[in-house]
Amino acid sequence: MPHSLVLGMTESGKTTLAKKLSKEYQARGIGVIVLDPLQDPEWSDKPDSDLFFQTTDKDEFLASVKASKRCAVFIDESGESVGQYDTAMHWLATRGRHYGHNCHFLSQRGQQIAKTVRDQCGRLYLFTCSLTDAKILADEWNKPELREAHGLEQGQFFIVRRFSGTEIASAFDDKPARKLLDKKRAKA
Amino acid sequence: MQVTLTKTLVDDLEDNQPDVQENAVQAEADKEAARVSEFADLRDRQGLAFDPAIHKTNSAGEPTLTKLNKLIRKPGRKPGQKNSTVSKGSTNTSTQDSSQASRAIAAAATVDSIGTLGGMIGGEEWLFVTDKAQGLDERQRGVEAWEQYYTAKGIDDIPPGVLVLAWVVSYAAPRIMGGPQTRSKLTRAKDWLLSKVFKRRAETPPKENTVKSTLEA
C-alpha cells in the first residue's frame with residue numbers, strides 16, 4: 001500500500017508538509033506530478049524542471065500520470081477532485097501503483113474521499129481535525145491514540161503506518177518525529 | 001548529514017515505492033488501444049476521433065454520445081492544448097511585464113492624442129511645454145499619470161471608444177474652427193435657429209392663469 005492520506009482542517013499544515021515532501025522528492029531525482037486547483041507555485045523550487053509537472057485540469061493530470069512511471073503524485077483538495085464517485089480518479093489509487101507511483105491525497109476530511117481510495121493508503125498524516133473525524137479515523141486505522149487528534153496544535157500531526165506505532169511531529173519545524181505511546185500501553 | 005522530518009518521511013515513502021509492473025501497464029495500454037479502435041468510426045462535432053482523454057466516457061470507459069451519435073467533449077482544457085493550465089511559476093511575472101509595457105504604450109499614445117487635439121483646437125498655446133532648466137516636462141508627467149490610471153483601473157490598452165472620439169474631434173475641430181465655408185454655413189444655421197426661436201416667442205400669447213394673477217384675484 002504505497003499511497004498516503006494527508007488529512008486535517010484548513011490551515012492545519014497539510015499543504016505545507018506536502019510541499020516539503022514534493023521538494024525533497026525532486027531533490028532526490030524523483031518526478032513529481034501535482035493536481036492543485038489553486039495553482040500554487042510553491043510546489044517546486046524549479047517549476048521548469050523535467051522532474052515537475054503541475055496542472056489544474058484532471059484529464060491533463062491523468063494523462064500525465066499514465067505517461068510517466070515511478071513518480072510522487074500529489075492531489076490537493078482530493079475531496080473535490082477524487083471524491084466519492086470519480087472512477088477515473090479512483091483508478092489512481094487502485095492501479096496507479098502498477099506504474100510505480102506514490103500518491104498523496106490531501107483533504108480536509110477522510111470521508112470526503114471514497115473508501116476504495118482510503119483503503120489503498122498505507123500512510124496517514126493526520127493534522128488537527130474534529131472530534132468526530134478523529135474517532136472515525138481511529139476506528140478505521142485501528143489506532144485509539146488518533147482520538148486525540150482534535151487537540152493537535154497548528155502544524156502538528158500524527159504519522160500513522162498500518163502496521164507500526166504512531167509518531168508525532170510538526171510540519172513547521174522539520175525536527176525528527178517522536179514516538180507516541182497509547183495511554184493504556186504507557187500505563188502497562 | 002542532519003536527519004530532518006522531511007528526509008525521514010521521504011526515506012520511508014521511497015523505500016515503500018512500488019515497482020513498475022510492466023505487464024499491468026502494457027495490459028492497460030492494450031485495453032485502451034482496443035477501446036479506441038472499437039469506437040474508431042465515431043467522431044465529435046469537430047471531426048476528431050475518439051480519445052478517452054478528450055471525450056466523455058461512462059463508468060465502463062465507453063464514449064457517451066449525443067442524439068446525433070456524435071462524441072461529447074469533456075469540459076475544460078485538454079492535454080496538449082496551447083492554453084494549458086500548467087503552472088510554471090514564473091508565468092504570472094511575464095504576463096505582468098507585458099501588461100505593464102502595453103499600459104506604458106497606451107499612456108504615451110493617450111497623452112500624444114490629447115496634445116495633438118489641444119494644438120488643433122487651441123493653437124500653439126496648448127502644445128506641451130518642456131523646460132529642462134526648470135525640470136518641467138508636461139508630456140512625461142502626463143504619460144506617468146495616465147500609466148498609473150491605467151494600472152489602477154486594470155486597462156491594458158486605450159479603449160476603442162476613446163480612439164474613435166479622438167479621431168472624430170481631431171477631424172471636425174480644425175474644420176469648425178478654421179474652415180471659411182464651414183464657418184459661414186454654421187453662422188447661417190445659427191441665424192436661422194435664432195430667428196425661429198424669436199418668432200415663436202413673439203407668437204406665444206401671455207399666460208393669464210398664472211399663480212400671481214390667481215392670488216391678485
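Author: Let's start with a definition: patches are made of residues with over 30% relative accessible area and no salt bridge, with like charges joined within 9 Å and nonpolar side chains (Val, Leu, Ile, Met, Phe, Trp, Tyr) within 5 Å. Accessible areas use the Shrake-Rupley method with a 1.4 Å probe, and for residues only the protein chains shown count as cover. A salt bridge is a side-chain nitrogen of Lys or Arg within 4 Å of a carboxyl oxygen of Asp or Glu. This is a predicted model: local features need pLDDT of at least 70, side-chain atom pairs need 80 or more, and totals for chains, interfaces and linings use all residues. Residues count from 1 along each chain as its sequence is written, chains are lettered from A in the order written, and side-chain values use heavy atoms, without hydrogens and water.

Reader: How much accessible area does the nonpolar patch on the surface have together?
Author: Its members are B:Met120, B:Ile121, B:Ile176, B:Met177 and B:Leu186. Helices α3 (91-122) and α5 (160-178) of chain B give two or more residues each, and B:Leu186 sits in α6 (180-203); helices here are DSSP runs of H or I, at least four residues, and strands are runs of E, at least two, numbered from the N terminus. Together the patch has about 440 Å².

Reader: Which residue of chain A does B:Lys74 touch?
Author: B:Lys74 is in the loop between α2 (22-38) and α3 of chain B. Contact means heavy atoms within 4.5 Å. Leaving out residues up to four places away in sequence, B:Lys74 touches B:Pro52, B:Ala53, B:Ile54, B:His55, B:Lys56 and, over in chain A, A:Asp59.

Reader: How much area do chain A and chain B bury between them?
Author: The contact brings 47 residues of chain A against 38 of chain B. Buried area is the accessible area (1.4 Å probe) lost when two parts are put together, summed over both. Carbon and sulfur atoms hold 50% of the total, which is about 3600 Å².

Reader: How many salt bridges are there between chain A and chain B?
Author: B:Asp19 and A:Arg70 meet through their side chains in a salt bridge, N to O at 3.7 Å. The count between the two chains is seven.
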